[in-house]
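This briefing is intended for a reader who is meeting the structure for the first time. Please view the sequence and the model together, and then follow the points below by topic.

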Amino acid sequence: MLRRALRLRLGPCLSGRGLGTYRRGSTLDWDGKVSEIKKKIQSIFPGGAWNPLYDTSHLPPERSDVVIGGGVLGLSVAYWLKRLEKQQGAIRVLVVERDHTYARASTVLSVGGIRQQFSLPQNVQLSLFSAEFLRNINEYLAVVDDPPLDLQFNPSGYLLLASEEGAAIMERNVKMQRQEGAKVCLMSPEQLQKKFPWINTEGVALASYGLENEGWFDPWCLLQGLRRKLQSMGVLFCQGEVTRFISSSSHMETASGEQLTLKRIHEVHVKMDHSQEFQPVECAIVVNAAGAWSGQIAELAGVGNGPPGTMQGTKLPVEPRKRYVYLWHCPQGPGLEAPLVADPSGAYFRREGLGNNYVGSCSPTEPLPTKGTN
């Protein structure tokens, strides 16, 4: 039908001529022919100016097995899902990140520290594995024909200082950390002064020092390395924001007689960046890896919206908090052997590069804000 319409409308001048046809002694160039054909097609069919078909390449897929956030934690989960799948391509993973510059992401705003000096065994175990992962990063994240990653890992350790009040807690923590396999030692003020003469030990009763697998690295490099590897593994990326969950419900009763409503998310709505357009994505699993905004995502999914005092009424206690990290220059400051130092007051610092620059801050102790306050 289209061919017949074109033939009738265009007439013999184009229907029987090839690209090398002469008109008035000159050859019509290809661009001119395409332009002329477009104009004639436009004159046949109603509508506005000539436009190609709508480009949907920026939209996420309509279906995915897993939908997940795009920070380091989300990318790490996506990596292990793909690495452990039994058959290549068996798990379809979609990473949704609202800002591909990561300007407000905790990943790149952190000082990039890694330590095993925690009070919970699970955190110590996680950190020990992470240290091994970072040390052998190119065994995990290498991509064919791409340059190797250089995380600039600096294993200078963490040095935590305790006052008289916190000394007993520090001793218990270090005992547990050693049991879990961490290389941590306790230091008296005298030992501390001898090893780090630049430290003022006034008010310090005890110190714990990480001997291995502690220090800092470049978190931006790690994030980009994970993204690059995931793309090579077939993970899809989408710049957008999850704005809605569609779920189905089922009901059950606990042993104590409490009635529970169980919800299963089977679809997420992803709003495109700088647009009111959204794409529904059918999925089997949603991983809440939204960093400081995880509490908001959980609330969007209905977590914490139930009656107070019940499981369904328990909110995810995660919210964004304002923090500052400062950079300063100190020509007479500690040298290359300086660890990341954390004072009992909450102040901390570490060396940044080789030019006597330092980064640090102080963790605030203000109470959690309540709704309706600034």
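Strand E3 is mostly covered, with 5 of its 7 residues buried. The model described here is a predicted one. Within it, E3 pairs with E12 in the parallel sense over 5 bridges, and 4 bridges join E3 to E4, again in parallel.

**The barrel and its strands**

- Strands E3-E4-E10-E11-E12 form a closed barrel of 5 strands with mixed pairing. On average, and ignoring direction, neighbouring strands of this sheet are turned by 50° against each other.
- Helix H4 (residues 72-83) packs on the sheet, where it touches strand E3 (63-69), E4, E10 and strand E12 (278-287). The direction of H4 makes about 145° with that of E3.
- In general, the strands of a sheet pair through backbone hydrogen bonds, in either a parallel or an antiparallel manner.

**Ser-247 in strand E10**

- Ser-247 belongs to strand E10, which covers residues 236-253.
- Is Ser-247 buried, exposed or partly exposed? Its relative accessible area is 34%, so Ser-247 counts as partly exposed.
- Beyond its neighbours within four places in sequence, Ser-247 is in contact with Lys-263, Arg-264, Ile-265 and His-266.
- Ser-247 and Arg-264 stand 17 residues apart along the chain, and their C-alpha atoms are separated by 5.2 Å.

**Nonpolar cores**

- The largest nonpolar core has 27 residues, and those with the most contacts inside it are Phe-133, Leu-141 and Leu-222.
- At least two residues of this core come from each of E3, H4, E4, helix H6 (121-135), helix H7 (137-141) and helix H10 (219-232). H10 supplies the largest share, namely 5 residues.
- Not counting residues up to four places away in sequence, Leu-141 touches Tyr-79, Phe-133, Leu-149, Leu-222, Gly-225, Leu-226, Arg-228 and Lys-229.
- There is also a second, separate core of 17 residues, which includes Val-124, Ala-162, Val-174 and Val-184.
- In soluble globular proteins, nonpolar side chains tend to be buried together.

**The crossing of H4 and H10**

- The axes of helices H4 and H10 come within 10 Å and cross at roughly 35°. This crossing of H4 and H10 is left-handed.
- On the H4 side, the contact is made by Val-72, Leu-75, Ser-76, Ala-78 and Tyr-79. On the H10 side, Leu-222, Leu-223, Leu-226, Arg-227, Lys-229 and Leu-230 take part.

- Strand E13 (residues 326-329) pairs with strand E16 (residues 357-362) in the antiparallel sense over 4 bridges. Tyr-326 has Gly-360 in E16 as its bridge partner.
- Strand E15 (residues 347-352) is likewise antiparallel to E16, with 6 bridges between them. Arg-350 stands opposite Val-359 in E16.
- E15 and E16 form a hairpin with 4 residues between the strands, and Gly-353 in this hairpin takes a positive phi near 80°.

**Cysteines**

- How many disulfides are counted in the model? The count comes to 0 disulfides.
- A disulfide is a covalent bond between the sulfur atoms of two cysteines.
- Cys-221 has a relative accessible area of 14% and is therefore buried. Cys-362, by contrast, is at 42% relative accessibility and so counts as partly exposed.

**The protein as a whole**

- The protein contains 11 helices and 16 strands.
- It has 374 residues, of which 34% count as buried.
- Among contacts between residues at least 6 apart in sequence, 65% join residues at least 24 apart.

Methods: Residues numbered from 1 in each chain as written. Predicted model: local features only at pLDDT ≥ 70, side-chain atom pairs only at ≥ 80, totals over all residues. Heavy atoms only, no water. Buried < 20%, exposed > 50% of the residue type's maximum accessible area, 1.4 Å probe, protein only. Contact = heavy atoms within 4.5 Å. Disulfide = S-S within 2.5 Å. Pairing = 2+ DSSP bridges. Axes fitted to C-alpha atoms, helices over the stretch in contact; angles between N-to-C directions. Core = buried A, V, L, I, M, F, W, Y, C linked by side-chain atoms within 4.5 Å. Left-handed = near helix turned anticlockwise from the far one by under 90°.
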